[in-house]
Amino acid sequence: MDEFERHGIAVVSGRDACARALRSPELTSDPGAGSPSVLLRDGEDHTRVRAVLREIIAGLEPFPAALRASIEDVVAGLGPAFDLVRDFARPVAGLVTSAVLGIDLDDGFLDRLEATTANLDVFGGADRAGQAAAFRLAVQLSRTPAGPGGLSALRAAHAAGRLDEDELVINAVVLAHAAYENSLNFLACAGLELASGPRPVRELVTAICPARYVLRFGPDGPVAISLTDGLPFGLGRHACPGSGVAVAEGEIALTALAKLLGGGCRVGKVRWKTHPVFHGLEKAVVTLASGNR
């Protein structure tokens, strides 16, 4: 919160107040810089770009059986000791992001994706390295051959006049970052909760919020609205269009992980990220109880 106050950003907390703010017509997501990102605009342009992204996400509803099997294979392949981030959350999030985009993603691509700040510099940061990483990723995506999936759909929307050139380039990064970063952080945090004891998977989906705040702009200046009090997917016109896919991904991965951890485990080497917006783990090593496989 102090991070925001230093930049003159007010903070809204408490579920009812945050729900009102998220739905308020007086608050906009557009900082006035003319960004082509769906996250940083409102009105007809936001509705148009969001419709394209929603069509892409709908391609994974219902959740594909082959993708489910791949996620379960990741969990089945975990050894007697594993890092919840590197060995569990990262490959699962990478599989789903690959399916969303329609391209194969290697570790190098995921490294570059994690290095981006996407649109978060609007909160007042100066992460030039993250901005540069986002630009390089946009260039890479623009040159990547793609099969059926989000990247091809974005290009088709551009060819049909539904997206302009800047919208095509930037929203490819937005789509990749949203599919990957939030899943990565959620799955690792939820896995840590499961390692501490049994929890209903559906409960974890609403209890853990990987993106702590969204930014809005009003007559009195910028406002950071908390999502941590049971609003992990937001509300209103900017509610997460991929919430159904995210819930399905989490339920599949965490149900499989819960079975693996059911015989007991211990956790060590826990290290947290320090980003003011993203809540997540850098590392958490789980060691299964003897014979727990």
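Biologist: Which residue of E4 stands opposite alanine 10?
Modeller: Alanine 10 stands opposite valine 223 in E4, and please keep in mind that this is a predicted model.

Biologist: And in what sense do E1 and E4 pair there?
Modeller: Strand E1, residues 10–12, and strand E4, residues 221–226, pair in the parallel sense over three bridges.

Biologist: What about E3 and E4, parallel or antiparallel?
Modeller: Strand E3, which covers residues 213–218, pairs with E4 in the antiparallel sense over six bridges, and in that pairing valine 214 has isoleucine 225 of E4 as its bridge partner.

Biologist: How many residues are in the hairpin that joins E3 to E4?
Modeller: The hairpin joins E3 to E4 through two residues.

Biologist: Switching to charges, how many salt bridges does the structure hold?
Modeller: The structure holds 16 salt bridges; one of them links arginine 90 with aspartate 111, where the closest N and O atoms are 3.0 Å apart.

Biologist: Which helices do arginine 90 and aspartate 111 lie in?
Modeller: Arginine 90 lies in helix H5, residues 84–101, and aspartate 111 lies in helix H6, residues 107–115, so the pair ties together parts that are 21 residues apart in sequence.

Biologist: Is arginine 90 buried or exposed?
Modeller: Arginine 90 counts as buried, because its relative accessibility is 12% and the cut-off for buried is under 20%, whereas aspartate 111 is partly exposed, with a relative accessible area of 45%.

Biologist: How far apart are the closest N and O atoms of glutamate 61 and arginine 54?
Modeller: Those atoms are 2.6 Å apart in the salt bridge between glutamate 61 and arginine 54, and the relative accessible area is 32% for glutamate 61, which is partly exposed, and 32% for arginine 54, which is partly exposed as well.

Biologist: Last topic, H8: which residues are buried?
Modeller: In H8, which spans residues 150–159, the buried residues are Gly150, Leu151, Leu154 and Ala157. Seen down the axis of H8, they fall within an arc of 120 degrees, so they line one face of the helix.

Biologist: What follows H8?
Modeller: Glycine 161 follows H8, and its phi is positive, near 85 degrees.

Technical notes
Residues are numbered from 1 along each chain as its sequence is written. This is a predicted model: local features need pLDDT of at least 70, side-chain atom pairs count only at pLDDT 80 or more; totals for chains, interfaces and linings use all residues. Side-chain values use heavy atoms; hydrogens and water are left out. Buried means under 20% relative accessible area, exposed over 50%, partly exposed in between (1.4 Å probe, protein chains only). Helices (H or I, at least four residues) and strands (E, at least two) are DSSP runs, numbered from the N terminus. The arc is that of the directions from the helix axis to the C-beta atoms. A salt bridge is a side-chain nitrogen of Lys or Arg within 4 Å of a carboxyl oxygen of Asp or Glu. Two strands pair if DSSP finds at least two bridges between them.
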